[in-house]
Amino acid sequence: MNGSSKQHHRGVGMTSQRSRDRLVRRLQEQGISNPVVLDAIATTPRHLFIDEAMSSHAYENTSLPIGLGQTISQPYIVARMSEALLDGQPWLDKVLEIGTGSGYQAAVLALLCKRVFTVERIEPLLRQARRRFHSLGLHNIFTRYADGQQGWLSQAPFAGIMVTAACPQVPAELLQQLAVGARLVAPVNRPGGLETSTVQQLLVITRTQDGFEQSQLEDVSFVPLLPGLS
Ligand code: SAH
């Protein structure tokens with residue numbers, strides 16, 4: 001890496017390590033406590049996952065547009081979902097993410113898991129995310145251009161599954177691809193709520209020996225999980 005691209009990765013001014021550390025402190029104030037997750041957020045250069053024109057906002061705790069009608073999630077939500085997936089474990093084996101988007105959540109997961117499998121239905125977004133993984137040397141992320149509702153059967157079972165798009169209900173195929181003891185974290189539309197609602201409940205579903213257990217975290221707002229390819 002030459003000097004200027006090193007600086008590009010590390011960030012300067014609003015994209016510096018100081019801005020990232022400030023974001024981490026804000027997440028701690030909001031109740032994120034898992035040190036492994038906080039470290040992953042401090043290490044991951046979020047400014048490289050958004051349009052350069054918006055990079056001065058990269059370490060604000062907000063979601064941002066990434067083109068084609070999609071968004072990169074708010075850092076607090078990335079941290080919260082990662083923490084829920086880990087459930088106190090320092091490290092997970094194979095994890096599946098549905099909705100690669102910018103690739104930021106996958107990059108954070110790559111520091112918390114042995115391997116991350118991530119699926120996206122919009123090809124230009126996936127291509128861009130792949131380039132980012134490559135340039136950051138994140139070689140434990142595997143990508144697939146597909147409808148993520150089917151999961152990634154040939155790699156199942158997973159030690160964790162994270163859905164980063166709002167679903168009317170959790171696709172049964174995904175639940176089937178969870179290992180026993182593993183958890184799925186997903187934003188799910190409220191029962192009886194409108195499918196077009198912009199608010200969902202963040203659900204955590206754990207596969208047990210004889211079924212599934214469900215708990216509920218806070219309300220979140222994700223773009224919808226859509227069928228087919230684009
Ligand atoms: N995790 C992303 C943010 C996700 S935005 C990040 O860190 O940036 C939601 C993403 O889910 C969008 O990119 C959208 O195209 C994708 N998506 C929606 N429905 C999908 C489906 N059925 N399969 C795969 N990806 C899907």
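**Exercise 1.** Which residues have the most contacts inside the largest nonpolar core?

*Solution.* The model is predicted, so that local features need pLDDT of at least 70 and side-chain atom pairs count only at pLDDT 80 or more, while totals for chains, interfaces and linings use all residues. Residues are numbered from 1 along each chain as its sequence is written, and side-chain values use heavy atoms, without hydrogens and water.

Step 1. A nonpolar core is a set of buried Ala, Val, Leu, Ile, Met, Phe, Trp, Tyr and Cys residues joined through side-chain atoms within 4.5 Å; buried means under 20% relative accessible area (1.4 Å probe, protein chains only).

Step 2. The largest such core has 50 residues, and Leu27, Ile41, Leu109 and Leu112 have the most contacts inside it.

Step 3. Helix α4 (residues 75-86) gives the largest share of this core, eight residues; a helix is a DSSP run of H or I with at least four residues, numbered from the N terminus.

**Exercise 2.** State how the ligand is surrounded.

*Solution.* Step 1. The ligand is surrounded by 28 residues, and the closest are Ser102, Glu120, Asp147, Gly148 and Leu226; a residue counts if one of its heavy atoms lies within 4 Å.

Step 2. Polar contacts are pairs of N or O atoms within 3.5 Å. In the side chain of Glu120, an N or O atom is 2.6 Å from an oxygen atom of the ligand. For Gly148, a backbone N or O atom lies 2.7 Å from a ligand nitrogen atom.

Step 3. The protein buries 99% of the 580 Å² that the ligand exposes when taken alone, by the Shrake-Rupley method with a 1.4 Å probe.

Definitions and conventions: Helix = DSSP H or I, 4+ residues; strand = E, 2+ residues; numbered from the N terminus. Polar contact = N/O pair within 3.5 Å; in protein donor to acceptor, adjacent residues only side chain to side chain.
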